[in-house]
Amino acid sequence: MPLAASPAPSRLSRRALIAAAGLLPLAQTLAAEEALIRRPIPSTGELLPVVGIGTSRRYEVAPTPEAVAPLRAAVERFVALGGSVIDTAPSYGTAEDVLGLILPDGALREKVFLASKVDTTGREATRAEFERSLARMKVARIDLLAVHNLIDATENLAVLRDLKAEKRIRYLGVTVWRDGQFDGLERVMRGEPLDAIQVNYAIDNREAAERILPLAADRGQAVMVNVPFGRDRLFKAVQGKAVPDFAKGFGCETWPQFFLKYVLGHPAVTCPIPGMAKVAYVEDNLAAARGRLPDAAERKRMEAFIDAL
């Protein structure tokens, strides 16, 4: 974006001068000024930043100030850079308790799009689990509540519809995390009015792009993507290898950016949710939510590169 023609330096130009003096890397400065890409939840048009935080494993720490401090710093940096989506679940150990120590501080909760899940059976048990989640996270409402792993999907979605009607949640959906669940996921996607789904999808695990993502687009369902790094499988595959030069044409400087920009290159994807437990990870991953995304031909080239490893 061109700078304004004004004798007074703009915020960008001032920061660029600071960077030029060696006080802050220029590329980092300019990236921090660029807004995150946003995509809509089809059922309402609400726009979400396209990279979120997943709390599985990374946020399952002791709910003490000392253990939570680096996670708090990561969330604060995430929000400061324009991020909002944080995904958790009652089954993620202490993750909801940890968020309960982070979110009530300051104005963080107002800036976070909070997603959680239910994974029990029976109306009373599901309602009780939902109430426990609210208490653990110290919040009054959850933005997106999903049926985890399709557990008792028909009955649980009925409960979620009631909670939505009561304005205790804003959106509802379902989740899976492995290809073997796709048959059941497709049935629920076709048979239930969902705001969102969550599915596994990565550059080396592309079945969702053949079966699930086109259906989500047809049904008007937002798509959150879990395990976009294949639970570290991809990092092991590229260990010791440099990011290919062609990826710099669409702004990839690191492997996390390469993997996330590939996922985001699919237009049906709303938001991948990698684990981000450190400020450095937040800054690196959110860089994938800026600038240009790879086009269809570039995504094919990315696939070929990874497939050849």
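This is a predicted model: local features need pLDDT of at least 70, side-chain atom pairs count only at pLDDT 80 or more; totals for chains, interfaces and linings use all residues.

Start with D87, which is buried, at a relative accessible area of 3%. The cut-off for buried is under 20% relative accessible area, so D87 qualifies because its value is 3%. The residue sits in strand β4, residues 85-87.

What does the side chain of D87 make a polar contact with? One partner is the side chain of K117, at 2.7 Å. Another is the side chain of Q198, at 3.2 Å. Setting aside residues up to four places away in sequence, D87 touches I53, G54, T55, Y92, A115, K117, Q198, M224 and I273.

You will find H148 in the loop between β6 and α7. Is H148 buried or exposed? It counts as buried, with 9% relative accessibility. Beyond its neighbours within four places in sequence, H148 is in contact with A89, S91, Y92, K117, V118, D119 and T175.

Now L145, which lies in strand β6. Its relative accessibility is 0%, so L145 is buried. Leaving out neighbours within four places, L145 contacts S116, K117, V118, F130, L160, L163, I169, Y171, L172 and G173. Take Y171 from that list: L145 and Y171 are 26 residues apart in sequence, but their C-alpha atoms are 6.4 Å apart in space.

For the chain as a whole, 74% of the contacts with a separation of 6 or more are between residues 24 or more positions apart. The chain has 309 residues, and buried residues make up 50% of them. Its secondary structure comes to 13 helices and 10 strands.

Which residues of α7 are buried? They are A153, N156, L157, A158, V159, L160 and L163. And what covers them? The cover includes strands β5 (113-118), β6 (142-147) and β7 (169-175), together with helices α6 (123-137) and α8 (182-191). Just after α7, K167 takes a positive phi of about 65°.

One of those covering helices, α6, also holds A128. A128 is partly exposed, because its relative accessible area is 32%. Between A128 and V118 there are 9.8 Å in space, C-alpha to C-alpha, and the two are 10 residues apart in sequence.

Next, helix pairs. I will take α8 with α9 to begin with.

Helix α9 is residues 207-219, and its axis comes within 10 Å of that of α8, crossing at roughly 10°. That angle makes α8 roughly parallel to α9. On the α8 side, the contact is made by F182, D183, L185, E186, M189, R190 and G191, and on the α9 side by E207, A208, R211, I212, L215, A216 and R219.

The other two pairs share helix α3, residues 65-80. How is α3 placed against α4, residues 95-102? They pack at an angle of about 65°, with axes 10 Å apart. That makes α3 roughly perpendicular to α4, and the crossing is right-handed. The residues that meet are V68, L71, R72 and V75 in α3 and V98, L101 and I102 in α4.

Against helix α12, residues 279-286, the axis of α3 comes within 8 Å and crosses at roughly 30°. Here α3 is roughly parallel to α12. This crossing is right-handed too. A73, A74, R77 and F78 in α3 meet V279, V282, E283 and L286 in α12.

Technical notes
Residues are numbered from 1 along each chain as its sequence is written. Side-chain values use heavy atoms; hydrogens and water are left out. Buried means under 20% relative accessible area, exposed over 50%, partly exposed in between (1.4 Å probe, protein chains only). Helices (H or I, at least four residues) and strands (E, at least two) are DSSP runs, numbered from the N terminus. Contact means heavy atoms within 4.5 Å. A polar contact is a pair of N or O atoms within 3.5 Å; within protein, one must be able to donate a hydrogen and the other to accept it, and residues adjacent in sequence count only if both atoms are side-chain atoms. Axes are lines fitted to C-alpha atoms, for helices over the stretch in contact, and angles run from 0 to 180 degrees between N-to-C directions. Angles under 35 degrees count as roughly parallel, over 145 as roughly antiparallel, 65 to 115 as roughly perpendicular and the rest as oblique. A crossing is left-handed if the near helix is turned anticlockwise from the far one by less than a right angle, and right-handed if clockwise.
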